[in-house]
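Subject: Handover of a structure for your review

Dear colleague,

Please find below the structure that I am handing over to you. I would be grateful if you would read the notes after it with the model open.

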Amino acid sequence: MAVDEMQQYQESRERLAKQKRWVIKIGSALLTNDGKGLNREGMQSWVDQMAELQKLGHEIILVSSGSVAEGMKRLGLKKRPDEVHQLQAAAAVGQMGLVQAYETAFGKHERLTAQVLLTHDDLSNRTRYLNARSTLRTLMSMGVVPVINENDTVVTDEICFGDNDTLGALVANLVEADVLVILTDQQGLFTADPRSNPDARLVVEGRASDPAYAAMAGGGGILGRGGMVTKVRAATLAARSGADTVIVGGRIDQVLTRLRAGELIGTLMLADKEPVAARKQWIAGHLQTRGDLILDDGAVRALREGRRSLLPIGVVAANGRFERGEVVACKDERGELVAKGLVNYSRTEAVKILKTPSSGLEQALGYVAEPEMIHRDNLVVL
Ligand SMILES: Nc1ncnc2c1ncn2[C@@H]1O[C@H](COP(=O)(O)OP(=O)(O)O)[C@@H](O)[C@H]1O
Ligand SMILES: N[C@@H](CCC(=O)OP(=O)(O)O)C(=O)O
């Protein structure tokens with residue numbers, strides 16, 4: 001490796017180490033001791049490291065596979081069932097063991113965990129997306145570690161394909177993570193599948209948008225079956241909201257704390273844009289507006305000059321038909337477009353809280369979903 005190349009790689013790792021919010025995905029291939037139930041020793045070690053990262057000020061969200069493998073052990077199944085309903089049943093049985101194991105492991109650090117089961121559909125439905133986002137944000141603010149897995153009882157595509165990598169990336173988008181770490185059974189992404197190509201070399205760093213990496217990636221093993229293809233795709237998805245992805249060997253001693261120390265381990269796949277810029281481009285470009293909020297002059301100034309959130313007190317009218325989580329246009333009283341954003345309240349709710357100070361929301365609605373009408377991270381000023 002050339003000296004300046006090495007220096008550039010080192011600098012990227014130091015930047016990575018300082019990032020605050022990490023989604024950590026642990027794959028079946030690692031978690032399950034080659035199919036003999038959960039690898040509890042490994043789990044305790046990753047949990048110890050996550051607790052260490054939390055002490056250093058990082059926010060941690062865990063996406064963990066392993067339910068099918070643990071269910072197989074509990075049910076005494078020798079091989080992974082071919083029938084989907086049996087896989088679903090195994091996942092439901094195994095999920096109990098999985099969350100028990102994490103709760104015990106984090107309990108040693110006096111940390112609580114929370115079980116969150118999601119489907120891809122939950123994350124493409126705007127209302128459910130915002131609900132999941134608020135729950136996860138609240139858990140994080142309480143210092144609780146969300147332990148997320150696919151809800152295999154209600155969806156079957158992923159369980160057949162064995163792909164929690166995509167879920168990891170969608171969660172990274174959902175919580176606007178800075179980093180997605182994918183822990184797996186290989187040291188990282190190699191130029192070809194190392195199981196069949198002994199000459200394959202480890203990729204140290206690349207851009208998530210570079211199509212060359214998809215071509216290097218092959219399918220997976222018997223337990224976790226998505227392979228590297230889904231990990232590379234996950235890096236591309238995570239990059240949409242600006243998260244960098246590291247694909248790295250979970251068996252590397254102290255893997256997470258070493259990433260935190262800026263060590264050059266695994267493969268770093270960089271996003272092209274900063275997180276907020278990426279998210280705003282997504283809001284501005286891809287989503288249709290469902291209604292209009294009319295803002296008073298003070299609110300227009302707060303958005304244009306102060307880069308603030310839009311509060312209900314500055315909204316004088318709400319037109320159209322929109323639900324929580326949909327995109328609305330924000331206009332001034334002359335009808336000129338000021339901004340677009342993901343609204344926290346439906347139109348029916350919004351009309352009840354026009355010109356209302358944050359302290360009056362509970363009285364007007366009977367509950368408070370969020371103090372802002374639109375949070376500034378979800379707002380694109382035009
Ligand atoms: N280019 C590659 N570099 C590294 N591993 C690869 C590559 N192509 C395919 N693989 C395979 O992907 C597997 C990891 O994927 P998978 O079994 O789905 O793991 P997990 O359960 O962690 O998601 C590795 O064991 C490896 O054999
Ligand atoms: N949700 C299931 C399957 C997910 C799965 O195996 O994904 P992966 O670890 O990416 O290969 C489980 O927890 O076993």
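**The model and its confidence**

This is a predicted model, in which local features need pLDDT of at least 70, side-chain atom pairs count only at pLDDT 80 or more, and totals for chains, interfaces and linings use all residues. Residues are numbered from 1 along each chain as its sequence is written, while chains are lettered from A and ligands numbered from 1 in the order in which they are written. The mean pLDDT of the protein (the predictor's confidence in each residue, from 0 to 100) is 90, and 94% of the residues reach 70 or more. For the complex, the predictor gives an ipTM of 0.95 and a pTM of 0.82.

**Overall form**

The protein has 16 helices and 13 strands; these are DSSP runs numbered from the N terminus, with helices being H or I of at least four residues and strands being E of at least two. The C-alpha trace spans about 65 × 55 × 35 Å along its principal axes. A compact globule of 382 residues would have a radius of gyration near 21 Å, and the 22 Å of the protein agrees with this. That radius is taken over C-alpha atoms, and the globule rule is 2.2 Å times the number of residues to the power 0.38.

Of the 382 residues, 44% are buried. A residue is called buried if 20 or more other C-beta atoms lie within 10 Å of its own, exposed if 12 or fewer do, and partly exposed in between, with C-beta atoms placed from the backbone. Two residues are in contact if their C-beta atoms, placed in that way, lie within 7 Å. Among contacts between residues at least 6 apart in sequence, 74% join residues at least 24 apart.

**The nonpolar cores**

A nonpolar core is a set of buried Ala, Val, Leu, Ile, Met, Phe, Trp, Tyr and Cys residues joined through C-beta atoms within 7 Å. The largest one holds 72 residues, and Val-23, Val-171, Leu-180 and Val-181 touch the most other members. Helix 5 (residues 84-107) gives the most to this core, with 8 residues. A second, separate core has 25 residues, including Phe-322, Cys-330, Tyr-345 and Val-380. Beyond four places in sequence, Val-181 touches Trp-22, Ile-24, Lys-25, Val-246, Val-248 and Leu-259.

**Positions annotated in UniProt**

An unreviewed UniProt entry lists Ser-65, Asp-152 and Asn-164 under "binding site". Although these span 100 residues in sequence, no two of their C-alpha atoms are more than 11.0 Å apart, so they gather at one spot. UniProt positions are given in the numbering used here, feature names are shortened, and annotations may be inferred rather than shown by experiment.

Ser-65 lies in the loop between strand 2 (59-64) and helix 4 (67-75), and is buried, with 30 other C-beta atoms within 10 Å. Asn-164 lies in the loop between helix 8 (157-161) and helix 9 (165-174). Asn-164 is also buried, with 28 other C-beta atoms within 10 Å. Not counting residues up to four places away in sequence, Asn-164 touches Lys-25, Gly-27, Val-63, Ser-65, Asn-149 and Glu-150.

The unreviewed entry also places "binding site" at Lys-25, Thr-184 and Asp-185. These span 161 residues in sequence, yet no two of their C-alpha atoms are more than 12.2 Å apart, so they too gather at one spot. Lys-25 sits in strand 1 (residues 21-26) and is buried, with 28 other C-beta atoms within 10 Å. Among the contacts of Lys-25 beyond four places in sequence are Val-63, Asn-164, Leu-180 and Val-181.

Thr-184 belongs to strand 5 (residues 179-184) and is buried, with 27 other C-beta atoms within 10 Å. Its contacts beyond four places in sequence include Gly-27, Lys-231 and Gly-250.

Just after helix 11, Gly-242 takes a positive phi of about 90°.

Gly-218 is found in the loop between helix 10 (212-216) and helix 11. With 15 C-beta neighbours inside 10 Å, Gly-218 counts as partly exposed. Beyond four places in sequence, Gly-218 is in contact with Asp-193, Gly-227, Met-228 and Val-229.

Yours sincerely
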